[in-house]
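Me: I am new to this structure. Please walk me through how to read its features.

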Amino acid sequence: MTTVTTDADTAAVRRAIAGTERPPRPGPLQTALTFGWRGMLKVKHVPEQLLDVTVTPVMFLLMFTYLFGGAIAGSTSAYLDYTLPGLLVMSVLFTTVYSGISLNTDLTKGVVDRFRSLPIWRPAPLLGALLGDSVRYVVAGTVIIVVGVLLGYRPDAGVSGALAALALVVVFSFGLSWAFSVLGLLLRSPNAVMNAGFMGIFPLTFLSNVFVDPATLPGPLQAFVEVNPISILATASRSLMAGEPDVPAILVSLAVAAALALVFLPITTRLYRSR
Amino acid sequence: MSLHAPLAVEATALTKSYGATTAVAGLDLAVPAGTVYGVLGPNGAGKTTTIRMLATLISPDSGSARVLGHDVVTEADAVRAEVSLTGQLASVDEELTGRENLVLLGRLLGLSRAGARARADELLEAFGIATAAGKLVKHYSGGMRRRLDIAASIVVTPRLMFLDEPTTGLDPRSRNQVWEIARALVAGGTTILLCTQYLEEADQLADGIAVIDRGRVIAEGTPAQLKASVGTGALHVRLLDLDRRPDAAGVLERALGPVSLQPDPAVLSATCPDPARAAVAVAELARAGIGLAHFSLDQPSLDEVFLALTGRGAEEPPGSAPTLEEQTS
Ligand SMILES: Nc1ncnc2c1ncn2[C@@H]1O[C@H](COP(=O)(O)OP(=O)(O)OP(=O)(O)O)[C@@H](O)[C@H]1O
Ligand SMILES: [Mg+2]
């Protein structure tokens with residue numbers, strides 16, 4: 001290392017300062033897309049994040065299918081047919097916690113302060129982040145489907161069924177991610193967001209029909225599992241994969257996603273503005 | 001509007017509280033355009049909170065402020081269009097490379113793709129980060145990170161720049177570089193509002209200084225005026241024999257004035273208007289038969305400014321200014 005390359009060059013700094021004229025402000029769309037680009041760069045630079053969230057569902061897939069599959073459904077292949085659409089839900093929903101974690105990281109590192117001091121369209125950082133998020137959702141969902149297919153899973157509705165299920169789950173995640181964004185803006189550290197986030201999503205996922213048919217459960221639990229939105233989403237995902245769309249379940253899933261966004265998006269934007 | 005030099009920042013009776021904590025308590029500030037203005041204060045004085053209000057990140061509970069002629073509450077967007085913030089935390093994205101950070105800001109400020117890249121490269125080169133341009137910022141040293149942070153603030157040269165403790169935690173060489181950059185900015189016509197805990201830093205850069213304590217301005221003036229009110233430096237003596245502390249304090253007090261105690265019980269300090277008087281004080285100590293392990297003379301520290309202005313040290317809570325009697329009895 002030579003000193004020449006690691007020091008500031010004052011003459012060059014002076015030239016750099018003199019040489020600028022303020023360009024016209026970019027429009028809202030370009031600003032949001034620029035933040036989207038930032039989200040993609042993070043996916044590229046920090047692939048560990050993606051790994052974390054995809055490994056857990058894959059582990060569950062292997063464990064449940066081979067350990068309990070025979071006991072639960074009679075055979076591992078029958079169980080795989082039942083559980084894979086649900087694991088798709090689990091895999092993608094787990095990824096949404098990262099929306100909150102990355103927002104909190106921005107906040108605690110002071111990056112949010114910089115963005116908020118810029119003359120830009122205010123919701124752009126939040127909306128742009130969705131783009132990076134959606135890439136993560138799609139990758140997480142695709143990984144679980146591919147592993148399933150490798151293990152012998154064949155959706156009746158083929159590729160289009162799988163894509164439809166994936167699309168539904170991703171749309172649902174857009175809604176849910178705002179709930180975690182609120183957590184991300186309220187809690188003190190990225191770790192706290194992770195803990196609180198998984199503390200919420202983990203039990204909800206297990207108390208759903210992702211792993212077991214609720215018909216086998218005791219009464220009160222069964223009642224809970226049946227109204228759990230994650231069950232409804234898993235049912236919708238299963239029906240799409242099977243090529244027999246369960247329209248009410250799909251509509252309820254979309255409605256829940258819309259409701260989540262309606263409640264949590266305004267809270268997120270308000271907190272983002274004032275923190 | 002003022003009839004005199006135009007003001008870049010004009011704050012009147014700003015306040016901001018967090019629950020029971022009053023972070024800023026009726027702060028007035030007038031920063032002439034084209035200068036470096038230092039806001040000097042200890043931890044928790046309200047420096048960052050003030051900057052955050054002026055940079056429109058938070059709104060004041062009461063009072064008002066105009067930045068470059070725009071009201072920070074009702075014309076926040078116009079303020080943002082002309083200022084840059086270099087926050088206390090180097091607010092760069094650690095998960096991006098240095099170059100990506102700068103391109104990102106260029107794009108957000110409206111440069112074309114090619115324009116943003118060219119500007120990023122120009123700044124990386126000028127700030128001595130070119131060799132690490134493609135590395136993730138989380139692997140940068142503190143000095144590089146701070147330079148990148150400042151570069152990020154001048155992707156488009158701002159008319160006013162907020163610099164919040166830009167050199168805290170940097171080694172002397174990095175600190176000098178940051179100071180050089182700040183000087184270059186002012187030479188280019190940018191006004192700088194600099195928050196710092198170091199009198200030396202304010203002295204090096206600032207044309208005017210406001211000393212703040214518990215959210216209020218307690219003194220204002222040029223660095224020379226401020227230092228004159230404090231003395232040019234302090235004499236520190238380390239005693240060989242702890243038992244002689246009261247005697248030593250007496251001698252120093254007669255020779256120089258108020259004595260402040262240091263965390264190390266063997267060390268006594270007294271502000272000192274000129275080195276000749278320090279020499280006299282040391283001679284007096286010798287005449288009194290008080291042995292010294294060591295003595296030194298330095299620039300006034302913020303602590304000494306505080307002692308002179310408030311009668312208590314910077315880090316002590318109000319009302320607990322220790323007297324020598326209390327500590328030695
Ligand atoms: N977001 C916040 N929530 C609660 N209290 C806060 C918040 N921000 C600042 N404070 C409190 O307000 C007071 C002033 O804080 P501020 O950060 O402005 O001080 P500072 O002069 O910048 O100090 P430092 O030199 O440590 O950076 C402190 O007592 C601090 O604890
Ligand atoms: Mg501060």
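Me: What kind of model is this, and how are residues, chains and ligands labelled?

Reply: This is a predicted model: local features need pLDDT of at least 70, side-chain atom pairs count only at pLDDT 80 or more, and totals for chains, interfaces and linings use all residues. Residues are numbered from 1 along each chain as its sequence is written, chains are lettered from A and ligands numbered from 1 in the order in which they are written, and side-chain values use heavy atoms, with hydrogens and water left out.

Me: How large is the area buried between chain A and chain B?

Reply: The size of an interface is often given as the accessible area lost when the parts come together. Buried area is that loss, with a 1.4 Å probe, summed over both parts. Between chain A and chain B, about 4400 Å² is buried. Carbon and sulfur atoms give 56% of this area. On the chain A side, Ile17(A), Arg22(A) and Arg114(A) lose the most area to chain B, together 16% of what that side buries. Contact means heavy atoms within 4.5 Å. By that rule, 47 residues of chain A touch 53 residues of chain B.

Me: How many salt bridges are there between chain A and chain B?

Reply: A salt bridge is a side-chain nitrogen of Lys or Arg within 4 Å of a carboxyl oxygen of Asp or Glu. The count between chain A and chain B is 7. Arg114(A) forms a salt bridge with Asp149(B), with the closest N and O atoms 2.3 Å apart. There is also a network of salt bridges, which links Arg38(A), Lys42(A), Asp106(A), Asp93(B) and Glu95(B). Over all chains, the structure holds 23 salt bridges.

Me: Which parts of chain B does the pair Glu165(B) and Lys47(B) tie together?

Reply: Start with the elements: helices (H or I, at least four residues) and strands (E, at least two) are DSSP runs, numbered from the N terminus. Glu165(B) and Lys47(B) meet in a salt bridge at 3.5 Å, N to O. Glu165(B) lies in the loop between β7 (160–164) and α6 (172–187) of chain B, and Lys47(B) in helix α1 of chain B, so the pair ties together parts 118 residues apart in sequence.

Me: Is Lys47(B) buried or exposed?

Reply: Buried means under 20% relative accessible area, exposed over 50%, and partly exposed in between (1.4 Å probe, protein chains only). Lys47(B) is buried, at 3%. Now take another pair. Glu284(B) and Arg287(B) form a salt bridge, with the closest N and O atoms 3.9 Å apart. Both lie in helix α10 (residues 275–287) of chain B, 3 residues apart, about one turn of the helix. Glu284(B) is partly exposed at 31%, while Arg287(B) is exposed at 66%.

Me: Which protein donors does the magnesium ion (ligand 2) have?

Reply: Donors are N, O and S atoms within 2.8 Å of the metal (3.2 Å for Na, K and Ca); water is not among the atoms, so sites may look incomplete. Here the protein donors are Thr48(B), through OG1, and Gln88(B), through OE1, 1.8 to 2.1 Å from the ion. Thr48(B) sits in helix α1 (residues 47–54) of chain B, and Gln88(B) in the loop between β6 (83–86) and α3 (98–108) of chain B, 40 residues apart. Thr48(B) is partly exposed at 27% relative accessibility. Gln88(B) is also partly exposed, at 38%.

Note on methods. Buried area = accessible area lost by both parts, 1.4 Å probe.
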